[in-house]
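My entries follow in the order in which I looked things up.

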Amino acid sequence: MDFSFTPEQERFREEVRHFLDRELPQQEVTEDRWLFGFFPQFSRKLGERGWIGLTWPKEYGGQARSYLDRLILTEELLRYGAPVFAHWFGDRQIGPAILAHGTEEQKREFLPQIAKGEISFCVGMSETEAGSDLASLQTKASTEGDWFIINGQKVWTTGAHLAHFCYLVVRTDPSAPKHRGISELIVDMKSPGITARPLVDMTGAHELNEVFFDNVHVPKKMLIGQENRGWYQIASQLDYERSGIERVMSNYPLFVDIINLAKEEGLGKDPLVRYKLAQLGIEFEVGRLFCYRVAWLLSQGIVPNYEAAMAKTFCTEFEQRLANVASQIMGLYGQLMPGSKMGLLKGRVARAYLYSPAYTMQGGTSEILRNIVGIRGLGLPS
Ligand SMILES: Cc1cc2nc3c(=O)[nH]c(=O)nc-3n(C[C@H](O)[C@H](O)[C@H](O)COP(=O)(O)OP(=O)(O)OC[C@H]3O[C@@H](n4cnc5c(N)ncnc54)[C@H](O)[C@@H]3O)c2cc1C
């Protein structure tokens, strides 16, 4: 078996690197830019090059390129800490969901706009009483003529205050068993009756929101796929959400800088520091292979399932170990917060450490993912 990249793939990687060397906006913190780096103008530049929706059919604004090309592109964007949040959810999971389940009209309306970097999405799944057990969700959509009327509340909605649209999961049939009465809608975030309130995280950043829906009118043509069959559509969307290489590269720029610091400051002479960094180096490569395996499955027309769960579990726990080792190496300097005038790496270590618990919760917790690996991967009884 030949594991090397083709000359075309190597050329594509070089092309992306040249673009990023030239076009990357200046930023102080380069970690987690797929969640915090909201730069629509940068997304539009990527869109102009055809680098959003890379795998989608050309008729909907895509480039019909391979999943491995997409992985090479996303790997380089994350390696550079590029601010890609404005298009990330649309490119990663909403576009594929519309491609798989949307009407022709929805494909023609939304996919080209996502591919040009013109619109942003948030994902409205979780509620206060429905996280891991998502099928317990209570946000309700009743019908009135050509409209769904939405009432309820979502929580932990990343980027709801910035997004143009929400991919919203609602209960359309309260009398059906809980998995069978759920539908998916695209909701314009400017609709009257929507209120997004900030939830500030431990790092002091506002990325999360709670979102209230008070008699929000949504045209019925915004239903994705079949009414009351939403649950079965969500599963594959979550597989896309879980399996990207961002799960192992959120802190990649910090990892590189810690290694450089260990070289420059002589810390690498300490065997403990050396062992810890070497261990992280090994784990990073393992996580990367998990992500390449998922891209390879997608390129064979297989939507990954337990493979995505394995990738996310291993990779997000790696991110936590990375933040932990970085703060051990930095000692007291590691506690200085971003913006502090003193200190090496300008507070990036403290930020990474404080943010790191989020990785194993967002997109499904490690416990839930281990259940998927056990049941679907190993065939253990549920
Ligand atoms: C930073 C961040 C961003 C997020 N962004 C979004 C977003 O954009 N959109 C969105 O809809 N949601 C988002 N979420 C929500 C996320 O999907 C949920 O937090 C997650 O699914 C867990 O749900 P919960 O928080 O309600 O915890 P719970 O489901 O209440 O779980 C609490 C604990 O119990 C464990 N547990 C629960 N059930 C089981 C079980 N059956 N077996 C074993 N252990 C179990 C869990 O693993 C966890 O440790 C985000 C979360 C975070 C932290």
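Entry 1. I began with helix H12 (residues 348–355) of this predicted model. I found H12 mostly covered, with six of its eight residues buried. The buried residues are Arg348, Val349, Ala350, Arg351, Ala352 and Tyr355. I then asked what the buried residues of H12 pack against. Their partners are helix H2 (33–36), strand E7 (206–219), helix H9 (252–264) and helix H11 (306–330).

Entry 2. I turned to helix H4 (residues 67–79) and helix H10 (residues 271–299), whose axes come within 8 Å and cross at roughly 145°. From H4, I listed Tyr67, Leu68, Leu71, Ile72 and Glu75. These meet Arg288, Cys291, Tyr292, Ala295, Leu298 and Ser299 in H10. By class, I noted eight nonpolar, one polar and two charged residues in the contact of H4 with H10.

Entry 3. I checked strand E1 (residues 121–124) and found both faces covered. Phe121 and Val123 are buried on one side, and Cys122 and Gly124 are buried on the other. In a regular strand, side chains alternate between the two faces of the sheet. E1 runs parallel to strand E4 (residues 165–171), and four bridges join the two. I looked up the bridge partner of Val123 in E4, which is Tyr167.

Entry 4. Most residues other than glycine have a negative phi. Ala64, however, has a positive phi of about 55°, and lies in the loop between helix H3 (40–48) and H4. Trp156 has a positive phi of about 60°, and its place is in the loop between strand E3 (147–154) and E4. Is Trp156 buried or exposed? I recorded Trp156 as exposed, because its relative accessibility is 53% and the cut-off for exposed is over 50%.

Notes. Residues are numbered from 1 along each chain as its sequence is written. This is a predicted model: local features need pLDDT of at least 70, side-chain atom pairs count only at pLDDT 80 or more; totals for chains, interfaces and linings use all residues. Side-chain values use heavy atoms; hydrogens and water are left out. Axes are lines fitted to C-alpha atoms, for helices over the stretch in contact, and angles run from 0 to 180 degrees between N-to-C directions. Contact means heavy atoms within 4.5 Å. Ala, Val, Leu, Ile, Met, Phe, Trp, Tyr, Cys and Pro count as nonpolar, Asp, Glu, Lys and Arg as charged, and the others, Gly among them, as polar. Buried means under 20% relative accessible area, exposed over 50%, partly exposed in between (1.4 Å probe, protein chains only). Two strands pair if DSSP finds at least two bridges between them.
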